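Hi,

Here is the structure I said I would pass on.

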Amino acid sequence: MSTPATPQISSRKQPRQARSNELVAVILEAAAQVLAQQGAARFTTARVAERAGVSIGSLYQYFPNKAAILFRLQADEWAQNTAVLRRTLQEGHAPPLQRLRALVHAFIRSECEEVEMRVALSDAAPLYRDAPEARQVRSAGEGMMEAFMREALPAATPQQQALASELIATTLSSVGKRFSSTRPTRADITAYADAVADMFCAYLQSLDAR
């Protein structure tokens, strides 16, 4: 049985001049619009080039295929989420459960912003999620959550810490995407985030008490 080909998602070249950076920014903005408005199924490099007002050849100078564009959009979102994760979980002066609660609120709010593009990116994930670049980006956030669990649960075993990290990250991602699709109000978002944070904090407290 042949091994599935690894998707090529790395940019062909990195922009070095201001003009090139501007071109890439225009392409990515057009890509975000096409993705949000037409979804992953109708996302093509031709539509992105047309929306951006550039030739398909200019687009291919930087992105070899649509998977590379989608991965760049996803990587930018992951980078924003990782920054929130780092800023919140590494806020050393606040107790761990308080930081976890702040993270839940920040994440749920983020999931409810630009929901069309986030849903479309989730639909497009099979195009790039198995590439080494994608695994590397995801691992940064996973490492921070694991480090937080070692601080929040110092008496727990490494296996318990790892399980808590995985369960919270997976649950938060899943419920965030589902909840965001309901078009919640600001009050709904606060109430939902409080409920999810209460559940996570109770779980960690139960582990710490064992």
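Let me start with a question: is E151 buried, partly exposed or exposed? E151 is partly exposed, at a relative accessible area of 40% (buried means under 20% relative accessible area, exposed over 50%, partly exposed in between, with a 1.4 Å probe and protein chains only).

Before the rest, some housekeeping. This is a predicted model, with local features needing pLDDT of at least 70 and side-chain atom pairs counting only at pLDDT 80 or more, while totals for chains, interfaces and linings use all residues. Residues are numbered from 1 along each chain as its sequence is written, and side-chain values use heavy atoms, leaving out hydrogens and water.

Salt bridges

I asked about E151 because it forms a salt bridge with R99, where the closest N and O atoms are 2.6 Å apart (the criterion is a side-chain nitrogen of Lys or Arg within 4 Å of a carboxyl oxygen of Asp or Glu). This pair links distant parts of the chain: E151 sits in helix α7 (residues 132-152) and R99 in helix α5 (residues 96-111), 52 residues apart. Helices here are DSSP runs (H or I, at least four residues), numbered from the N terminus.

Searching the whole structure gives 4 salt bridges. Another one joins R101 to D194, at 3.8 Å from N to O. That pair also connects distant parts of the chain, with R101 in α5 and D194 in helix α9, 93 residues apart. R101 is partly exposed at 28%, and D194 is partly exposed at 30%. R101 and D194 also belong to a salt-bridge network together with D198.

Then there is D76 with R72, a salt bridge with its closest N and O atoms 3.3 Å apart. These two are 4 residues apart in helix α4 (residues 66-89), so about one helical turn separates them. D76 is partly exposed at 32% relative accessibility, and R72 is partly exposed at 28%.

Helix packing

Helix α8 (residues 158-180) packs against helix α9 (residues 186-209) at an angle of about 165°, with the axes 12 Å apart. For the method: axes are lines fitted to C-alpha atoms, for helices over the stretch in contact, and angles run from 0 to 180 degrees between N-to-C directions. That angle makes α8 roughly antiparallel to α9 (under 35 degrees counts as roughly parallel, over 145 as roughly antiparallel, 65 to 115 as roughly perpendicular and the rest as oblique). Residues of α8 in contact with α9 (heavy atoms within 4.5 Å) include L163, L167, L172 and F179, and those on the α9 side include I189, Y192, F200 and L207. By class, this contact has 15 nonpolar, 1 polar and 1 charged residues (Ala, Val, Leu, Ile, Met, Phe, Trp, Tyr, Cys and Pro count as nonpolar, Asp, Glu, Lys and Arg as charged, and the others, Gly among them, as polar).

On to α7 and α8: they pack at an angle of about 130°, with their axes 9 Å apart, and are therefore oblique to each other. From α7, the contact takes in E142, M145, E146, M149 and R150, which meet Q161, A164, S165 and I168 in α8. Those residues divide into 4 nonpolar, 2 polar and 3 charged.

Cheers
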